[in-house]
Amino acid sequence: MSLKEIGVRLGARGSIWLPRAGAAVLFLILWSLIVRLGDYPPFILPGPERVAARLWALAVEGTLWRHWAATAVEVGLGLGLGVTVGLLLAYPLAHWRLFERLVAPYLVASQAVPIVAVAPLLIIWFGPGLLARVLVSALIAFFPVLISAIAGFRQVPPEWRELFRSLQATRWQTFRKLEWPAALPVIFGGLKIGATLSVIGAFVGELISADRGIGFLIKQGQGLYDTPLVFGGILLLASQALLLYGLLTGLEHRCLRR
């Protein structure tokens with residue numbers, strides 16, 4: 001790669017990140033101005049400097065990373081499980097109408113029940129440990145992946161399928177060479193939604209039963225009226241969602257470029 005190409009790539013990345021950094025700075029300035037002009041007490045609306053100081057105190061204590069990592073593990077395992085189940089169910093649902101008629105109503109009905117109502121049952125059945133929180137995260141993440149994968153598999157043009165049949169391609173070859181590449185852009189859309197929702201699922205599980213994690217921090221802050229801690233927990237949750245979204249966006253660009 002030449003120096004000119006490297007410069008072009010760095011310039012392109014800078015053109016993306018500079019507006020984002022500027023928007024973040026503007027948000028912090030507006031937040032600080034609202035607190036100062038409104039003269040809000042810290043337990044109602046703390047300023048960004050108080051939230052940063054509270055997070056720094058947790059980092060110095062050594063508990064910040066422990067709570068962040070606990071939620072990250074739950075989100076990662078929950079998202080992985082939700083994606084796996086969603087993709088495994090999507091293919092037969094997209095191709096076999098009888099299977100869709102039998103299973104789809106139950107899947108849709110399961111999404112009509114709020115995850116806050118399901119989470120206590122999972123904790124009763126599987127205990128208050130990691131497994132229950134992973135299942136809560138997986139339940140809320142798998143449906144967007146399932147729906148996007150079904151839509152992706154069904155959008156393959158019929159004439160392309162006929163071409164593969166005329167070439168006597170096997171079902172596996174048709175899936176690998178035609179259906180999967182054609183569905184991948186739509187699947188990534190569902191993955192991004194599922195990734196952000198998986199953070200919500202892990203948070204709900206931690207609110208109900210946990211001794212660590214960002215949800216535990218927020219619940220602790222609520223009980224102590226430690227509003228800076230609550231705001232800090234919200235920012236930590238947002239950081240995980242943004243990190244996952246960024247990783248999936250990078251993976252999408254890499255996969256679809258091939």
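The sections below go from the whole chain to single residue pairs.

## Basis of the model

This is a predicted model, in which local features need pLDDT of at least 70, side-chain atom pairs count only at pLDDT 80 or more, and totals for chains, interfaces and linings use all residues. Residues are numbered from 1 along each chain as its sequence is written, and side-chain values use heavy atoms, with hydrogens and water left out.

## Overall fold

The protein chain has 10 helices and zero strands. Helices (H or I, at least four residues) and strands (E, at least two) are DSSP runs, numbered from the N terminus. The C-alpha atoms fill a box of roughly 70 × 60 × 30 Å along the principal axes.

Of the 258 residues, 39% are buried. Buried means under 20% relative accessible area, exposed over 50%, and partly exposed in between (1.4 Å probe, protein chains only). Take contacts (heavy atoms within 4.5 Å) between residues at least 6 apart in sequence: 72% join residues at least 24 apart.

## Surface

The protein chain exposes about 15,400 Å², and carbon and sulfur atoms supply 71% of it. Areas come from the Shrake-Rupley method with a 1.4 Å probe; for residues, only the protein chains shown count as cover.

Val25, Leu26, Ile29, Leu30, Leu33 and Leu37 make a nonpolar patch of about 590 Å². Patches use residues with over 30% relative accessible area and no salt bridge; like charges are joined within 9 Å, nonpolar side chains (Val, Leu, Ile, Met, Phe, Trp, Tyr) within 5 Å. Ile29 sits in helix H1 (residues 3-38). Its relative accessible area is 44%, so Ile29 is partly exposed.

## Salt bridges

The whole structure holds eight salt bridges. The criterion is a side-chain nitrogen of Lys or Arg within 4 Å of a carboxyl oxygen of Asp or Glu. In the pair Asp226 and Arg54, the closest N and O atoms are 2.8 Å apart. Asp226 lies in the loop between helix H9 (214-223) and helix H10 (227-257), and Arg54 in helix H2 (residues 48-61), so the pair ties together parts 172 residues apart in sequence. Asp226 is buried at 16% relative accessibility; Arg54 is partly exposed at 24%.

Two other pairs sit within helices. Arg97 and Glu100 bridge at 3.3 Å between the closest N and O atoms. They are three residues apart in helix H4 (residues 97-112), so about one helical turn separates them. A salt-bridge network links Arg97, Glu100 and Arg154. Glu162 and Arg165 come to 2.7 Å between the closest N and O atoms. Both lie in helix H7 (residues 158-166), three residues apart. Glu162 is partly exposed at 48%, while Arg165 is exposed at 54%.
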